[in-house]
Amino acid sequence: MSYLKKRDKAVNWHPYTQMKTAEDAIPIMKGKGVYLFDDEGKRYIDAVSSWWVTLHGHSHPYIAERIFEQLNTLEQVIFAGFTHEPAIELSERLLQLLPKNQKKSFYSDNGSTAVEVALKMCIQYAYNNGKEKGKILAFKNAYHGDTFGAMSVSGRSAWTQPFAEMLFEVVFIDTPNSENIESLQLKINNWADDIICFIYEPLVQGAAGMLIYKPDDLNELMKICRNKNILMIQDEVFTGFGRTGKLFAADYLSEMPDIMCFSKGLTGGTLPMGITTCSNEIFNSFLSDNQYKALFHGHSFTANPLACTAALASMDLLLEKKTQENIHLISERHSVFLDIIKDITYIENPRQIGTIIAFDIITKEGTSYFNNIGKTLYKEFLARGIIIRPLGNIIYIVPPYCITANELEYIYQNILEVLDAFQN
Ligand SMILES: *Cc1c(COP(=O)(O)O)cnc(C)c1O
């Protein structure tokens with residue numbers, strides 16, 4: 001075992017990891033563009049954008065330079081009673097890109113906290129308005145994060161099981177399609193008087209396995225909620241900043257949410273930060289001469305100037321013509337690959353939206369075997385210098401936007417080879 005692996009094992013507890021049986025964590029020494037380099041000099045293509053956060057590649061020189069400049073100017077300041085230019089400019093620029101009802105921006109530290117803030121905004125909105133509503137509406141397979149509020153509104157699974165007793169009550173519905181929309185409407189109408197808000201991942205349920213559903217169907221569902229005065233929280237933590245081929249999933253929709261959540265790609269994947277934006281209707285419900293109607297939420301590092309600067313630099317890069325063209329190129333390449341794999345007999349549900357592509361491997365051995373497939377394939381891809389983390393029997397690619405056609409081709413080719421070998 002390498003020296004770093006040994007030291008890591010002695011002191012570090014890794015996320016979602018059974019530390020008894022897990023392989024040793026691979027020490028990464030350096031990142032450059034789509035590549036990560038380990039302690040033995042082996043190079044990996046980061047085909048999952050390091051958990052879906054890296055937009056423009058690792059150690060991007062422009063983002064690094066901007067952060068360095070900011071670091072030498074103002075690294076951190078309390079955001080209650082004080083403000084700074086990076087936070088002002090970032091809110092101004094972000095809000096301008098969002099549905100036009102989004103008017104205010106609240107900073108926190110990650111996707112889960114962005115969701116917590118959104119939930120608290122809705123719950124206190126009802127409270128401030130003297131409404132006695134108690135429930136939240138969410139999708140069955142949802143993933144909104146790992147803190148308690150975010151966990152509560154996420155689909156119940158093995159991950160939430162140990163905490164099940166401590167999670168608050170949520171009304172779960174299926175994602176909409178042309179067949180079930182009427183039954184969803186009935187269910188929502190039944191519960192409507194008691195429901196404060198609806199939280200959803202728009203168009204793609206990421207952690208559930210890149211499950212994709214249609215903008216038209218979401219629009220219908222949003223209309224139903226709007227008619228019943230159910231507030232809408234659109235969790236764009238994963239879908240935001242170009243992932244779906246458009247800047248935001250919101251750009252596929254004609255209906256507007258009341259609140260939106262952002263993180264992951266927000267800083268281009270360089271520093272942790274979350275943002276929750278909202279409409280003036282939400283914001284104004286907190287305005288009062290009564291101190292107790294203020295939003296009681298904050299974090300030590302709220303609107304950290306370095307993270308805001310990273311987000312601004314990442315936004316510069318994202319809006320460049322070159323980046324937009326490359327997002328388009330990734331989408332096109334993905335759809336060509338989709339065409340190739342859709343005829344493979346042991347694959348089902350090939351699906352794609354923008355830079356996200358996924359498919360399921362059919363296995364005869366049942367669910368427990370799925371996990372083994374995932375692990376086996378993960379190791380095989382690593383050996384071939386590609387980081388792909390299957391979700392059970394689901395394989396997906398979510399690459400940084402700087403990836404080239406050749407690098408994509410290398411990933412596709414290896415997927416085909418690995419699957420073929422696995423099948424034989
Ligand atoms: C990852 C994710 C979160 C949680 O974000 P963290 O930064 O990991 O806490 C919330 N919502 C969605 C849709 C996500 O994909």
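# A tour of helix packing and the ligand site

Select helix 3 and helix 10 to begin: helix 3 passes helix 10 in a right-handed crossing. This is a predicted model. Helix 3 covers residues 61-71 and helix 10 covers residues 305-319. Their axes lie 9 Å apart, and the packing angle is about 150 degrees. Angles over 145 degrees count as roughly antiparallel, so helix 3 and helix 10 are roughly antiparallel to each other.

Helix 4 passes helix 10 in a left-handed crossing.

Next, clear the selection and pick helix 11, residues 321-341, together with helix 13, residues 405-423. Here the axes cross at roughly 20 degrees and come within 11 Å of each other. Angles under 35 degrees count as roughly parallel, and helix 11 and helix 13 are therefore roughly parallel to each other. The crossing of helix 11 past helix 13 is right-handed.

Now turn to the ligand. Which residues surround the ligand? Select Trp-52, Asn-110, Gly-111, Ser-112, Tyr-143, His-144, Gly-145, Glu-201, Asp-235, Val-237, Phe-238 and Lys-264 to show them. Colouring this shell by residue class gives four nonpolar, five polar and three charged residues.

Zoom in on Asn-110, Gly-111 and Ser-112, which belong to the shell. Start with Asn-110: a polar atom of its side chain is 3.4 Å from a ligand oxygen atom. At Gly-111, show the backbone, where an N or O atom lies 2.8 Å from an oxygen atom of the ligand. At Ser-112, return to the side chain, which places a polar atom 2.6 Å from an oxygen atom of the ligand.

Finally, show the surface of the ligand. How much of the ligand's exposed area does the protein bury? Taken alone, the ligand exposes 380 Å², and the protein buries 84% of that.

How values were computed:
Residues are numbered from 1 along each chain as its sequence is written. This is a predicted model: local features need pLDDT of at least 70, side-chain atom pairs count only at pLDDT 80 or more; totals for chains, interfaces and linings use all residues. Side-chain values use heavy atoms; hydrogens and water are left out. A residue is near a molecule or strand if one of its heavy atoms lies within 4 Å of it. A polar contact is a pair of N or O atoms within 3.5 Å; within protein, one must be able to donate a hydrogen and the other to accept it, and residues adjacent in sequence count only if both atoms are side-chain atoms. Accessible areas come from the Shrake-Rupley method with a 1.4 Å probe; for residues, only the protein chains shown count as cover. Ala, Val, Leu, Ile, Met, Phe, Trp, Tyr, Cys and Pro count as nonpolar, Asp, Glu, Lys and Arg as charged, and the others, Gly among them, as polar. Axes are lines fitted to C-alpha atoms, for helices over the stretch in contact, and angles run from 0 to 180 degrees between N-to-C directions. Helices (H or I, at least four residues) and strands (E, at least two) are DSSP runs, numbered from the N terminus. Angles under 35 degrees count as roughly parallel, over 145 as roughly antiparallel, 65 to 115 as roughly perpendicular and the rest as oblique. A crossing is left-handed if the near helix is turned anticlockwise from the far one by less than a right angle, and right-handed if clockwise.
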